[in-house]
Amino acid sequence: MTGVDRRSLLGAAIAGSAALAAPRAVAKPATDPRAGYSARARRIVEQTLVIDMLAPPRLDLSETGWTRPLSDKERADFRTSGITGMHNAIGIGGPDARVDALTFLAAQQGFAGRNADIFSLIGSVADLDRAKAERKIGMIMGLQNAEQFETAKDVPLFYGLGLRCAQLTYNSQNRIGSGCTDRVDGGVSDYGAEIVAEMNKTGMLVDVSHSGDRTTLDAIALSKGPIAITHANCRTLSRHPRGKTDEAIVALAKKGGVMGISGVRQFVKDRDPTTVADIVDHIEYVVKLTSVEHVGIGSDADLNGYDDMAPDQYQALKAAYKSSYAFRDRIDIEGFDHPRKIYDLTEELIRRGWSDPNIALVLGGNFRRLLGATWK
């Protein structure tokens with residue numbers, strides 16, 4: 001969803017006479033925000049390569065939001081988030097799409113470079129593994145549209161500039177196909193088929209998160225390899241145009257693709273309360289339809305979520321979408337609106353009896369496999 005169509009256990013106990021002999025060595029109160037989670041959840045996240053397949057580092061829609069230095073709190077939040085890879089993508093479109101895409105890539109990769117103690121740029125799965133080893137956030141560059149591709153030759157050009165994933169369409173019709181809020185969905189066009197073929201050849205991941213039903217199915221069928229739904233939900237559980245049909249989810253899985261489940265309130269459930277448990281309902285629904293190898297996470301927000309945006313930007317963002325988006329008072333979900341939300345999700349999976357290996361697949365293993373099979 002992100003865009004307006006253009007745009008953090010350690011502990012040691014010292015007892016007995018040794019402690020009494022050294023009164024100045026009183027242990028300080030725990031300050032690690034992860035301390036409240038179970039040892040099992042902390043271990044799983046610590047050992048897992050966690051990939052959020054739609055997570056811009058900062059929800060700031062101003063023209064210079066990316067120029068503001070990271071605060072100490074932001075740095076601490078990134079370091080304790082548990083996330084290894086963030087797919088940084090916004091929605092673009094219109095006559096300036098190419099310029100906006102180039103500007104976004106330059107701005108965000110520059111932002112990562114100026115904060116190299118926190119971020120590293122991702123071009124391959126080896127880079128993701130290195131980010132995990134170095135305890136950094138790997139930034140995967142993406143775009144939530146493909147209007148920047150004025151010709152098929154633009155696909156390898158943008159790949160060379162760092163773009164690793166692109167949605168075929170955003171919410172509305174373009175030269176490639178239809179969006180999820182279009183009244184009529186004509187499917188992938190001839191030009192769109194050419195773009196899909198070029199993305200396959202180049203090694204860029206095809207994403208259909210915001211695409212219409214027919215366009216989604218066409219893209220899955222046309223692609224020579226697996227594609228992604230990086231951030232969406234199951235329409236059977238929540239009747240929303242951004243949800244995906246059972247048919248699409250099954251087709252995606254048969255092709256080897258992965259669906260990332262989002263944490264946007266109205267996509268997850270059409271009424272309140274809406275909680276982390278409801279997000280896991282979507283994860284388990286995909287597993288029942290297909291298997292555990294075809295579902296992941298695409299939160300569709302930064303670490304804190306939309307409801308913490310500047311009020312004017314928050315209202316502008318809501319106003320930029322069609323009424324079918326059905327925004328409620330809040331966009332974020334309780335328990336999934338803070339920097340340690342991956343831990344809350346992990347705790348819910350644990351409560352439901354999930355095994356450690358299967359939790360690891362959902363948190364990032366499945367998307368790592370897909371990216372490794374796609375990128376060249």
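A: Helices here are DSSP runs of H or I with at least four residues, numbered from the N terminus. Axes are lines fitted to C-alpha atoms over the stretch in contact, and angles run from 0 to 180 degrees between N-to-C directions. The model is predicted, so local features need pLDDT of at least 70 and side-chain atom pairs pLDDT 80 or more, while totals for chains, interfaces and linings use all residues. Residues are numbered from 1 along each chain as its sequence is written, and side-chain values use heavy atoms, without hydrogens and water.

Helix 14 (residues 356–374) and helix 5 (residues 125–133) have axes that come within 9 Å and cross at roughly 140°. Contact (heavy atoms within 4.5 Å) involves Val125, Leu128 and Asp129 on helix 5, and Arg368, Leu371 and Gly372 on helix 14. These residues comprise 3 nonpolar, 1 polar and 2 charged; Ala, Val, Leu, Ile, Met, Phe, Trp, Tyr, Cys and Pro count as nonpolar, Asp, Glu, Lys and Arg as charged, and the others, including Gly, as polar.

Helix 2 (residues 39–47) also packs on helix 14, at about 50° with the axes 10 Å apart. By class, the residues where helix 2 meets helix 14 are 4 nonpolar, no polar and 3 charged.

Note on methods:
Helices (H or I, at least four residues) and strands (E, at least two) are DSSP runs, numbered from the N terminus.
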